[in-house]
Amino acid sequence: MLWPSMSYLKLPDEGPAMYKGVIRWHVRCPKHTRYNPDNGGQGAIVGGCVTCLKLYELQSAVRTIRRLSAELEEANQEGMDKAA
């Protein structure tokens with residue numbers, strides 16, 4: 001089961017509309033409750049379980065979002081430093 005909770009916070013005094021978001025979820029495969037995509041990766045998926053595969057894809061997407069967010073924040077900071 002997936003129980004997401006999302007919250008967004010607009011930071012008004014930092015240039016153009018900057019949003020910081022937090023997404024949290026509690027999800028486990030009903031068949032493989034010990035599977036953790038952070039620790040096991042794709043190689044730990046047992047028998048091609050669709051739920052475990054989706055958990056792995058979700059974790060991969062979260063990593064990509066965090067990396068892109070950090071790059072965007074760094075580029076924004078460099079742009080603000082040049083403007084000052």
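User: Which residues does Cys52 touch, not counting residues up to four places away in sequence?
Analyst: This is a predicted model in which residues are numbered from 1 along each chain as its sequence is written, and side-chain values use heavy atoms, with hydrogens and water left out. Local features need pLDDT of at least 70 and side-chain atom pairs count only at pLDDT 80 or more, whereas totals for chains, interfaces and linings use all residues. Taking contact to mean heavy atoms within 4.5 Å, and leaving out residues up to four places away in sequence, Cys52 touches Cys29, His32, Tyr35 and Ile45.

User: Is Cys52 buried or exposed?
Analyst: Cys52 sits in helix 2, which runs over residues 50–83; helices (H or I, at least four residues) and strands (E, at least two) are DSSP runs, numbered from the N terminus. The classes rest on relative accessible area, with buried under 20%, exposed over 50% and partly exposed in between (1.4 Å probe, protein chains only). Because its relative accessibility is 0%, Cys52 counts as buried.

User: Which residues make up the largest nonpolar core?
Analyst: A nonpolar core is a set of buried Ala, Val, Leu, Ile, Met, Phe, Trp, Tyr and Cys residues joined through side-chain atoms within 4.5 Å. In soluble globular proteins, nonpolar side chains tend to be buried together. Here the largest such core has six residues, namely Cys29, Tyr35, Ile45, Cys49, Cys52 and Leu55.

User: What separates the C-alpha atoms of Cys52 and Arg28?
Analyst: Along the chain, Cys52 and Arg28 are 24 residues apart.

User: How far apart in space are Gly40 and Tyr56, C-alpha to C-alpha?
Analyst: Gly40 belongs to helix 1 and, because its relative accessibility is 35%, it counts as partly exposed. In sequence Gly40 and Tyr56 are 16 residues apart, while C-alpha to C-alpha they are apart by 9.3 Å.

User: How far apart in space are Ala44 and Tyr56, C-alpha to C-alpha?
Analyst: Ala44 lies in the loop between helix 1 and helix 2, and its relative accessible area of 33% makes it partly exposed. Ala44 and Tyr56 are twelve residues apart in sequence, and the C-alpha to C-alpha distance is 9.9 Å.

User: Which element gives the most to the lining of the second largest pocket?
Analyst: On a 1 Å grid over the protein atoms alone, a pocket is an open set of points where a 1.4 Å probe fits, with protein on both sides within 12 Å along at least five of seven lines, and lining residues have an atom within 4 Å of a point. The second largest pocket is lined by 13 residues, of which Trp25, Val27, Asn36, Pro37 and Gln59 lie nearest its centre. The elements that give two or more residues to this lining are helix 1 and helix 2. With five residues, the most is given by helix 2.

User: Which element of the protein chain has the lowest mean pLDDT?
Analyst: On the scale of pLDDT, the predictor's confidence in each residue from 0 to 100, the protein chain averages 76, and 69% of the residues score at least 70. Among the elements, helix 1 (residues 37–40) has the highest mean, 85, whereas the lowest, 49, belongs to strand 1 (residues 5–11). Over residues 1–6 the pLDDT is below 50, although this stretch has 16 contacts in the model beyond near neighbours in sequence.

User: What pattern does the protein chain follow, read along the sequence?
Analyst: The protein chain has two helices and two strands, and 13% of its 84 residues count as buried. Read along the sequence, the pattern is β-β-α-α.
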